[in-house]
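Here's a quick briefing on a couple of side-chain features worth a look.

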Amino acid sequence: MKPLDKEALLTKLDELNISRGKVVLPSSILIIEEEEVITNSFKEIFEPQGYLIYTASEGKRGIDLAVTLRPSLILMDFSLPDMVSFDVIQELKENPYTKNIPIFILTERDISVEDRMSLMGKIERIVRKHAFDTKEMIDHIKELEILYPRGPGLSMS
């Protein structure tokens, strides 16, 4: 019924999965971030929610893990030690195994208008590292799980 009740919808989806006996694999998040403190803070947020967390401290390693593991979501630092973030995003979006995985960009500061324009259509969201709402972020990820049902990276189309 309209207006859509998000909580009722999520509850119904959970019920359908249980009643059909589906085994829902835990969603996984790949964090590509050089700073271990930041990585650990995201682990503390997401692991209790049931997410599997994979980490990489460099862009090249992150790309390799994304292709191999095909996570449900990639959280990626805007400034990586070994690669320009635009190049990492480009490689992920050009690879048939990773092109449909949503990407959140992590940043310390505001991103310029030019950079935002370049990122448009390639990433899902920009997240300030030290100033984000945990519940809002988890809710957004859960919404993505509905939009990209299990294994967004599995699509070969």
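What follows covers the aromatic pairs and a nonpolar surface patch. Keep in mind that this is a predicted model. Rings come up first, and a pair of them is described by the distance of the centres and the angle of the planes.

**Aromatic rings**

- The structure has 3 aromatic pairs. One of them joins Phe-42 and Phe-46, which are stacked, with 6.0 Å centre to centre and 5° between the planes.
- Phe-42 and Phe-46 both sit in helix H2, which covers residues 36-46. They're 4 residues apart, or about one turn of the helix.
- Phe-46 also pairs with Tyr-51: the ring centres are 5.8 Å apart and the planes stand at 80°, over the 60 degrees cut-off, so this pair counts as edge-to-face.
- Put together, ring pairs tie Phe-42, Phe-46 and Tyr-51 into a cluster.

**Burial of the cluster**

- Phe-42 and Phe-46 are both buried, and for Phe-46 the relative accessible area is 0%.
- Tyr-51 has 6% relative accessibility, so it counts as buried too, given that the cut-off is under 20%.

**Nonpolar surface patch**

- Over on the surface, Val-113, Met-117 and Met-120 make up a nonpolar patch. Together they have about 350 Å² of accessible area.
- Met-117 belongs to helix H5, which spans residues 113-119.
- Is Met-117 buried or exposed? Its relative accessibility is 52%, so Met-117 counts as exposed, the cut-off being over 50%.

Conventions
Residues are numbered from 1 along each chain as its sequence is written. This is a predicted model: local features need pLDDT of at least 70, side-chain atom pairs count only at pLDDT 80 or more; totals for chains, interfaces and linings use all residues. Side-chain values use heavy atoms; hydrogens and water are left out. Patches are made of residues with over 30% relative accessible area and no salt bridge: like charges are joined within 9 Å, nonpolar side chains (Val, Leu, Ile, Met, Phe, Trp, Tyr) within 5 Å. Accessible areas come from the Shrake-Rupley method with a 1.4 Å probe; for residues, only the protein chains shown count as cover. A salt bridge is a side-chain nitrogen of Lys or Arg within 4 Å of a carboxyl oxygen of Asp or Glu. Helices (H or I, at least four residues) and strands (E, at least two) are DSSP runs, numbered from the N terminus. Buried means under 20% relative accessible area, exposed over 50%, partly exposed in between (1.4 Å probe, protein chains only). Rings of Phe, Tyr and Trp (its six-membered ring) pair if their centres lie within 6.5 Å; planes under 30 degrees apart count as stacked, over 60 as edge-to-face and the rest as tilted.
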